[in-house]
Amino acid sequence: MIPAAFEYVRADSADAAIAALTEHGDEAKLLAGGMSLIPLMKLRLATPTVLVDVGRLTDLSYVRDGGDHVAIGALTRHRDLETSDLLATACPALRGVAAEVGDNQVRHRGTLGGSVAHGDPASDLPAALLALDATFVARGPGGERTIAAGEFFQGFLETALADDELLTEIRVPKVAGGWDYQKFNRRAQDWAIVGALAVRNGSTRVALVNMGSTPLRATAVEVALAGGASAAEAAELAAEGTEAPSDLNGSVEYREHLARVLVRRALEAAGA
Amino acid sequence: MRVSITINGVEQSHDVEPRTLLVQFLREACGLTGTKVGCDTSSCGACTVLFDGESVKSCTMFAAQADGGAVTTIEGLAPSTDEMHAVQTAFHEHHGLQCGFCTAGMVMAAASFLEENPDPTEQEVRLGLEGNLCRCTGYHNIVQSVLAAAKTLQDAK
C-alpha cells in the first residue's frame, strides 16, 4: 500500500514547522513518529499534499521536573516515557500506560505529542492525560497558548489545535497515588477494544478508552466514588454518558459490559 | 528527493519519491530483499529493521525519515561472513523458524529487545516480541531461541 504523493518538508525548528503550516493551511499535516499518520496515509484515509516532518526537533524531546508538574516535550517517544526515572516517582501512571502502547517497534518511533494531536479515542495516552488533568502547550504564528486536556479532545480525530499550531509540550501534574490501567484487546499489540484507567490523587479519576468519539472521563463513576460508593457499586455506572462504537471487535452492549468490568478491576487494583 | 542512509555500514544514496517507504528503499532501491513485507499495516513485524540501533517497522516509516541515519537489516546483523549473530545462531540451533517468512523480522526485533533487556524472563521475551507475528504459530521455539541467545550474549560478557 503506497500513500498518495505529497511534498515533503523537513522542519529544522518549531518556528519553521509553524511557518510551513501557515503557508500550506489545511493541506499540510505534521509528521512526528508517524505511527498513526502513516498507516492512515497508506490506506489513503489521509491524503495530505504537504507533509511537514518535525521528527528531528530533538529540542522538543525531554521529560523535565516542572515543580508541581512534569513537563514533557511533544516529540518525546513512548520508549522514553516508559523508561523515565522521573516519571517512575512523579507520575507512574503515565509511565505505565506508555508501556502499553503498541509494541516495542511502535514505542521506538511514536511520540506523546503525536498521539495527543492525533486524538484517537482508541489510543491509550490521550485518555491517560485526560484522567491526569494534563495541560497542553500549543504554539502558532501568534504565540503560545495552553489548553486543558478536558477541552482538547473535541471529536473523532478532532482536537482544539488550529491548522497552523504545533503542540510543543505536555504538562502532567505529579500524581503519585495508586493507579491501574486495564486494556482489553485480542492481539497483543492492538488498540484497546475498551480500556479503563483509574488514578488516585485524593479523589479518584477514571478515564475510558474507545467508549466514544473522544477519550472520556467516567464522570458518573467518579461522582459515585466521591459520594462513598464502593468500587463495585461505582463501576456499575461506567457506561453512563458513553457512546461506544460498534465494530468487528464488539457491539455497543459488549463494550458497555467491558467498561463496567474493566473499571471495577482498575478501581480495585488502584485501591479505590 | 535524494535520500542517503548508511545501511549495514555502507552509505546508500538514491533518488526516490517522498512517499517511498523505508522497506521499499531497502528492497527496491538497494536490492536488500532479506527484509520482508508481511501485512503492510504495521501489525506483523516481518519488516522489522534497526534504525539507529532500535527496532522499527520499515513499512511504517518513510525513507526520508531515515535520511542521514543508520539502518541495520538482516543482511548486516552478523559480525562477519564467517560468524552469525548470537540470535541467528540460536534460531538455527533451536529451530526458531518454520516457513521462515517472519524470521528476519523476529531476529531483528529480538536483537533490539536483548539490547534493552539483556537478561529477560520467558514472559518478558513474549511481551518483547508482541509486535511480531508468526503465522506458523511457531512461537515456542522462537521464545526458546531468544532465551538461548540471551544466555550466549550474557556468557560472552
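Predicted model: local features only at pLDDT ≥ 70, side-chain atom pairs only at ≥ 80, totals over all residues.
Residues are numbered from 1 along each chain as its sequence is written, and chains are lettered from A and ligands numbered from 1 in the order in which they are written.

Chain A, then. It has 12 helices and 14 strands; these are DSSP runs numbered from the N terminus, helices being H or I of at least four residues and strands E of at least two. The radius of gyration of chain A, taken over C-alpha atoms, is 18 Å, close to the 19 Å from the globule rule for 272 residues, so chain A is as compact as a globular protein of that length. That rule is 2.2 Å times the number of residues to the power 0.38. The C-alpha trace of chain A spans about 55 × 45 × 30 Å along its principal axes.

Of the 272 residues of chain A, 55% count as buried, that is, with 20 or more other C-beta atoms, placed from the backbone, within 10 Å of their own. One residue to look at is A:Leu267, in helix α12 (residues 252–270) of chain A. Why does A:Leu267 count as buried? Because 27 other C-beta atoms lie within 10 Å. Leaving aside neighbours within four places in sequence, A:Leu267 is in contact (C-beta atoms, placed from the backbone, within 7 Å) with A:Ala198, A:Ala231, A:Ala234, A:Ala235 and A:Ala272.

Next, the two chains together.

The axes of α4(B) and helix α6 (residues 139–155) of chain B, lines fitted to C-alpha atoms over the stretch in contact, with angles from 0 to 180 degrees between N-to-C directions, come within 11 Å and cross at roughly 40 degrees. That makes α4(B) oblique to α6(B), the class left after under 35 degrees (roughly parallel), over 145 (roughly antiparallel) and 65 to 115 (roughly perpendicular). From α4(B), B:Met106, B:Ala110 and B:Leu114 meet B:Ile142, B:Val146, B:Ala149, B:Ala150 and B:Leu153 of α6(B).

Methods. Contact = placed C-beta atoms within 7 Å. Buried ≥ 20, exposed ≤ 12 C-beta atoms within 10 Å, placed from the backbone.
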